[in-house]
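Morning, everyone. I have one structure to walk through, and I will keep it brisk. Please have the sequence and the model open.

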Amino acid sequence: MTPIQTVKMSNFRWVICGLLFLATTINYMDRQVLSLTWKDFIAPDFHWTDSDYGTITGMFSLFYAIANLFAGKFIDWMGTKKGYLIAIFVWSVGACLHAACGWTAIGLAGGSITALTTISVWLFLACRLILAVGEAGNFPAAIKATAEYFPKKDRAFSTSIFNSGASVGALAAPATIPLLARAWGWEMAFIIIGALGFIWMALWTWLYEKPAKNPRVNQAELNYIEQDNDLANVQNRDNIKEEKTIPFWDCFKFKQTWSFLVGKFMTDGVWWFFLFWAPAYFSDQYGYTSDSTMGILLIFTLYAIVTVVSIGGGYLPTYFVEKKGMNPYLGRMRAMFIFACFPVLGLFAQPLGAYSAWWPAILIGLLGAGHQAWSANLFSTIGDMFPKSTIGTIVGLGTMAGGIGSMSINLGSGKFFDWAAEQGANFSFFGFDGKPAAYMVVFCICAVAYLIGWFIMKTLVPKYKPIVLDQ
């Protein structure tokens, strides 16, 4: 008898996951250049206040939110490959253009300090608009690619890996960007980091095709990828048909859509607040500038904790599904409740900061790790509930909701911090006065946002209920 020959499964899906990780890392490095340079490099040049910076970050979040209303549908329309290429091209151009803001503002201001401040803010807003439009395509494209290349049981883990690019980007940023700004000027920091996106475009063009069309994916791996549906044993790849999609406005008819929107709205702003304000927080409250050794170590430690702890967050629902026998949604929601408890640690960051700046760095790091693990599982609920053809649209809508939440907290925080600083001892909260009291207020809001979001989501979609479309 001739022995049965078994073909070893290829693992090209992890190469795609690596590309998504790299794109997300670049995405967050581009986003971090401003937060790591504004307080100690840009603000002295243009005389910015916290309100000016809060306006820029808040409006960036609004631009991002509006762009996401269309980005997901754009990715679904263009396809993952072309859509992702266009998105990263736009945001890389926008990132590099920030460098021209300084030179242009000085030329237009004509020596007036007031005009210099106003013009520079408007120029940065224009560049943040371009950056936001491009960056809006990252997560819809990445989540869509993940749904294309991974079965449901692996999506949270693969999402947690590429989503950790957010914390790795935030980790690499403080170790490189302030040093670039100090050595060659803050303008070159924007140009050098922005140029990384163009390198990624070449890799994506070379390596990405849909699994059924990708010669690097063998039949065994394709069967593994498609194990959740009836395409698992299709041998003729040319006969695989595209799924029917959900019309844009019809998406709002489903409670599953609103559950995702609530989850993003309640929590994205927390992550963005710490992403945008942590360097200024350590500079304001403890005197450690972003280019000082201690300032770099604090931010590096914060995001090192986020990176290491959050990756395990994608495995927890797999444990619940495979070891405890739960369905993917129930396992994911159980995991998300656990991660929603992590941000409560943020309540202790400001009080323990009186003893050492290391305490807020560690506790905010654990808060951020909880967010990233939460986010990976939140994104994966879309793949559990919606057809692949509509994933980009739903991710775009959710990210829009997250951008609105982020705009609220960033714009409000900038004005709140300036007001609290003016009030001094007249404004107190939990034993803190002035600006430290304002930070404590915001930390309290961040601490409870996830638990509130989880309970609303669980109320809207109490159990696993995928959306099935008639073909």
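A charge sits over a ring if NZ of Lys or CZ of Arg is within 6 Å of the ring centre and within 35 degrees of the ring normal. Keep that in mind for the next pair of contacts. One caution before them: this is a predicted model.

Take Arg128. It lies over the face of Phe60, 4.8 Å from the ring centre. Now Arg31. That residue lies over the face of Tyr64, and here the distance to the ring centre is 5.0 Å.

Tyr64 comes up again with a glycine. Gly403 sits in helix α16, residues 391-423. What does Gly403 touch, leaving aside residues up to four places away in sequence? Ser61, Leu62, Tyr64 and Ala65. Gly403 is buried, because its relative accessible area is 1% and the cut-off for buried is under 20%.

On to the core. The largest nonpolar core holds 141 residues. Which residues have the most contacts inside it? Trp48, Phe124 and Phe273. Helix α1 gives the most to this core, with 17 residues. As background, nonpolar side chains in soluble globular proteins tend to be buried together.

Look at Phe124 in detail. Beyond residues up to four places away in sequence, its contacts include Leu34, Ile42, Phe46 and Trp48. Ile56, His98, Cys101, Trp186 and Phe190 are also among them.

Cys101 takes us to helix α4, residues 99-109. Its buried residues are Ala99, Cys101, Gly102, Ala105 and Ala109. What do they pack against? Four helices: α1 (12-46), α3 (80-97), α5 (113-135) and α8 (186-207). After α4 comes Gly110, with a positive phi near 65°.

Most residues other than glycine have a negative phi. His47 is not a glycine, yet its phi is positive, about 60°. His47 is in the loop between α1 and α2 (50-78). Its relative accessibility is 41%, so His47 counts as partly exposed. Then Phe430. This residue, also other than glycine, has a positive phi near 50°. Phe430 is in the loop between β1 (428-429) and β2 (432-433). Buried or exposed: where does Phe430 fall? Exposed, at a relative accessible area of 64%.

Next, aromatics. Searching the whole structure gives 51 aromatic pairs. One of interest is Trp271 with Tyr303. The ring centres are 6.0 Å apart and the planes are at 85°, so this pair is edge-to-face. Trp271 belongs to helix α10 (residues 255-286) and Tyr303 to helix α11 (residues 293-311), so the pair ties together parts 32 residues apart in sequence. Both residues are buried.

A second pair is Trp272 with Phe276. The geometry is edge-to-face again: 5.8 Å centre to centre, with 70° between the planes. Both residues lie in α10, four apart, which is about one turn of the helix. An α-helix has 3.6 residues a turn, so residues three or four places apart point the same way. Trp272 is buried at 3% relative accessible area. Phe276 is buried too, with 1% relative accessibility.

Stay on α10 for Ser259, which is found in that helix. How does Ser259 count, buried or exposed? Buried, at 4% relative accessibility. Leaving out residues up to four places away in sequence, Ser259 touches Met457, Leu460 and Val461.

That brings in α17, residues 434-460. Even so, α17 has a kink of about 30°, centred on Ala449.

Last stop, Phe337. It sits in helix α13, residues 328-341. Phe337 is partly exposed, with 31% relative accessible area. Apart from residues up to four places away in sequence, Phe337 touches Leu451, Trp454 and Phe455. From Ala195, 142 residues away along the chain, Phe337 is separated by 39 Å between C-alpha atoms.

That is the tour. Thank you.

How values were computed:
Residues are numbered from 1 along each chain as its sequence is written. This is a predicted model: local features need pLDDT of at least 70, side-chain atom pairs count only at pLDDT 80 or more; totals for chains, interfaces and linings use all residues. Side-chain values use heavy atoms; hydrogens and water are left out. Buried means under 20% relative accessible area, exposed over 50%, partly exposed in between (1.4 Å probe, protein chains only). Helices (H or I, at least four residues) and strands (E, at least two) are DSSP runs, numbered from the N terminus. Contact means heavy atoms within 4.5 Å. Rings of Phe, Tyr and Trp (its six-membered ring) pair if their centres lie within 6.5 Å; planes under 30 degrees apart count as stacked, over 60 as edge-to-face and the rest as tilted. A nonpolar core is a set of buried Ala, Val, Leu, Ile, Met, Phe, Trp, Tyr and Cys residues joined through side-chain atoms within 4.5 Å. The bend at a residue is the angle between axes fitted to the seven residues ending there and the seven starting there.
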